[in-house]
Amino acid sequence: MSIDMAQFHQVFFEESFEGLDAMESGLLNLDMGDVDAEEINTIFRAAHSIKGGSGTFGFTAVSDFTHVMETLLDEMRDGRRQVTQSAVDVLLGSVDCLREMLTAIQDESEVDEQSVAEHKKALETELANGGSQSAVQAEAVPEQDDNTTEVQSLPAQGWSIAFSPHQQMMQSGNDPVRMFRELKELGDLKVSLDLQGLPDFQNIEPEDCYLSWKLQVQGDVALPDIEDVFSWVEDECDFAIQPLMQEEASDGSSENPPSAPEKQSAVSEPAQSSTKKPAPAKKPEAKAEKKPAAKKGSSSIRVDTSKIDTLINMVGELVITQSMLSLVGEHFDISKLDQLKNGLSQLERHTRELQESVMNIRMLPISFVFSRFPRLVHDTGSKLGKKIELVMIGEQTEVDKTVVEMLSDPLVHLVRNSLDHGIEMPEERLAAGKPEHGTVILEAYHRGGNIVIEVRDDGKGLNKDILRTKAIEKGLIEEDAILTDQQTYELIFMPGFSTAEKLTDISGRGVGMDVVRRNIQALGGRIEIDSELGKGTIISIHLPLTLAILDGQSVAVGDERYIVPLGSIIESINITEDQVNRVAGKGETFRLREEYLPIVRMHEIFNIQSAQAKRLSEGLLVVVEGQGEKCGLFVDDLLGQQQVVIKSLEANYRKIEGISGATILGDGSVALILDIPGLVRLSNH
Amino acid sequence: MAEAAVTNEQESLDEETRLENAVQFLSFSLGDEEYGVDILSVQEIRSWEPVSRIPNVPAYEKGVVNLRGSIVPIVDLRQRFGLKYMDYTPLTVVVVLQAQSRTMGVVVDSVSDVVDVDKLTIQKAPDFGTKVSTEFINGLASVNDRMVMLLDVEKLLKLEGMDEDNE
Amino acid sequence: MATILAVDDSASMRQMVSFTLKGAGHSVVDAVDGVDALNKAKSQKFDCVVTDVNMPNMDGITLIKELRALPDYKFVPMLMLTTESGMDKKQQGKAAGATGWIVKPFNPDQLLKTINKVLG
């Protein structure tokens, strides 16, 4: 039967990438002064697994490359080699190289042979220095035991075997009969039993073997094939093989076995393909900046089986409740009303629990996002010549899978900024009375239905004056604009803003921050920044825990129903005409505490004829906020609050300004979910 | 009897060719004109249900409905084609079409029939003279002495400004 | 056919072994490491055990040793999957009570042949 191995490839790639991540973080965690044995072991095992898998699935180049890494790591874990920084660096580089190889194979694109050759050379060089075993062992060296008895490999007649299992042989699960069966497949088998070793009946241990045999295998049989049959038990038995002489073959009489049983040599291993020579250096195509290993096939998800078990249990409960309700409904009369109510409330509870469970399945720990940072900080720090320590807190905080995917790049940008513009050079820090090591803290925690991720550094902080000046220069704000500290810091989110004296290739041209904010907002979140000159900066990202479900406030405008995201509602108020300011060209605004906010008349911008309230005093003002913009939505009425499942409007239709999606209400009708910034834009026209 | 045998053979050959060249269309009417859409693009036929209005879109985009969990837009074909608007009656029908993984419902006066049309007899659409903009018409077919205008469902489903947004 | 316990910390290997053996009509239970395997072996009797050597929590050789201590598993064939051609792992395995070994990388046919060999 031939099996298509390709079906296992995807899993192999996934687990290999995970293994590489584990190797990387393990290597970064290694403390040269005090090497954790278990850590080295883990790194070794990861390499070993990748080598084994790649060999099994036919990725020979990968297997060969990994073999060298594995050899290096093996020596380290055995204590035959000291763990040095240079070895770790070489291994880190190899991990990158391996990642690229696997990505290329997975993508079916070209592997960068030159890079592979270079890294392999570096590994081999490292192996040659230090450590008590310098040479790289080729994977399989056919072993020849010097005690091989002189036997011809291919006698025409066959072989005579004397076989005496040791008493305990069967206790390793080896059964002589099984071996005889194998011999039988090689040629004609004659077996003769020797009972000499059998003790008196009362002394027999049923689990022991006292028997021995003389066997003859006739035919054109190769010696290695015979040896194979006994290869597993060579330490557990005595056996000797002799070529079968002509007369023996014909009359089948057993020849006395040689008096001293001889052990046979180890079975020679099939020689495996020797390490391939690196392909001749092809003209390297513009070696583009190393792409970060994009995780392919991210449409699958690893789930803790306990979560699945919980789900199964809940579905079970749901089924029970449902059949109970069926029963009640079958011959319903008013006397069963209480049962019905009970059943319905159970149903509501189970459905809610089920919903929570399902949402929970898509939750991944944020460590998936955080995991790339130790390496990033390590490499960037070295590159910049700065000493930076990274502290990560709350890595187990769970977040929706989509959030994990979309948070990665923005977070990288923020951390890079901290490293580049935030943390000062060691001399500067010392001069300022700070420790030489800068610290960057990445922290994640849940707060009130949101997940909060903070990037904190103890660098030089933001200079309000410089920010303000720059913004005025770029025409982003008026000269006399009055800004709170918060608003001043938030200037860095404006497109086209950058105060870096020199543009480094680390954090780019400052075009990143506005993109970062937009990305965060696209996820339904917000980003805040706080700073103290000379002390440091804190950037905090607030994101909804899940993207597919929204807590919404239903509002009525005429016959239409809209959903306002609960998180965006500041408050709902009644206002009267006299609270409204009308400024020519700027529409209506109302005063809320310190600010003047625009009024958005829903029925006007959405052209709703059936609207009830035309005068402000007749309706309600829902004060909302989105993307830093606040406004008051003028609606007829507030209806209930509910959790709604967000459905895309764009899948079959189009993007509508002011609408972020749709949902299906309990009665099957469709309600549109409002997009606050869009509404503000609409009302400004 | 040999003659009969030959004719029978001929007939069954004709039948075969007919089947090979046949395309099936769902025909429906708008006013006194008949139109057809490839039966393979028809997902289902429903009667008119109230829709949820979408603000600030062309008048012929009536709104959206919930179709088994998906949000599907409903377009009034009469208005789309610039025909006179007519009130909806209990006979008003919504034909749910799909093309290129997009689904949309179109409101028509009534649905007539599923017709077989021989591909070879389909005529090119004229450049003028039809009420409906020719960009939507793939061809003309003659069915039972009536002219049926065969519509290009993909073009139909592409609403103004849709693809740029969906990029 | 037989019920086989397949132990490997690599999911792709487990899948391959499982698929291969099931295809031949055997029934297969997976385990991700020695601890998992030992638990499963205690609650169900297997006709054969195939295990990787290098695994977290409990390696294959220790697993075999532990299994041999269980009365049900005194004579059950237990095979090690080992990438190492060196004798030491094999000797350790044998000392722990392994029946034999299969050298990685192996192809499905080799696996089947060996399994069928020990199952008789």
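The model is a predicted one, so local features are kept only at pLDDT of at least 70 and side-chain atom pairs only at pLDDT 80 or more, while totals for chains, interfaces and linings use all residues. Residue numbers start from 1 along each chain as its sequence is written, and chains are lettered from A and ligands numbered from 1 in the order in which they are written.

Chain B comes out with four helices and ten strands; helices (H or I, at least four residues) and strands (E, at least two) are DSSP runs, numbered from the N terminus. Read from the N terminus on, the order of its elements is α-β-β-β-β-β-α-β-β-β-β-β-α-α. Of the 167 residues in chain B, 29% are buried, where buried takes 20 or more other C-beta atoms within 10 Å of a residue's own, exposed takes 12 or fewer, and partly exposed is in between, with C-beta atoms placed from the backbone. As for contacts (C-beta atoms, placed from the backbone, within 7 Å), 54% of those in chain B with a separation of 6 or more link residues 24 or more positions apart.

Strand pairing here takes at least two bridges found by DSSP between the two strands. In chain B, strand 1 (residues 22–30) runs antiparallel to strand 2 (residues 33–38), with six bridges between the pair. B:Leu30 sits opposite B:Glu33 of strand 2. The two strands make a hairpin with two residues between them, and B:Gly31 in the turn shows a positive phi of about 65 degrees. Strand 2 of chain B also pairs with strand 10 (residues 146–151), this time in the parallel sense and over three bridges; there, B:Tyr35 faces B:Met149 of strand 10.

Now to the contact between chains C and A: chain C puts in 32 residues and chain A 29. On the chain C side, the elements giving two or more residues are helix 1 (11–23), helix 4 (87–96) and helix 5 (108–119). Helix 1 of chain C gives the most, at eight residues. By type, that side of chain C splits into 15 nonpolar, twelve polar and five charged residues, with Ala, Val, Leu, Ile, Met, Phe, Trp, Tyr, Cys and Pro taken as nonpolar, Asp, Glu, Lys and Arg as charged, and the others, Gly among them, as polar.

Over in chain A, A:Asn313 belongs to helix 9 (residues 305–330). A:Asn313 counts as partly exposed because 13 other C-beta atoms lie within 10 Å. Its C-alpha lies 9.3 Å from that of A:Leu354, a residue 41 positions apart from A:Asn313 in sequence.

Definitions and conventions: Contact = placed C-beta atoms within 7 Å.
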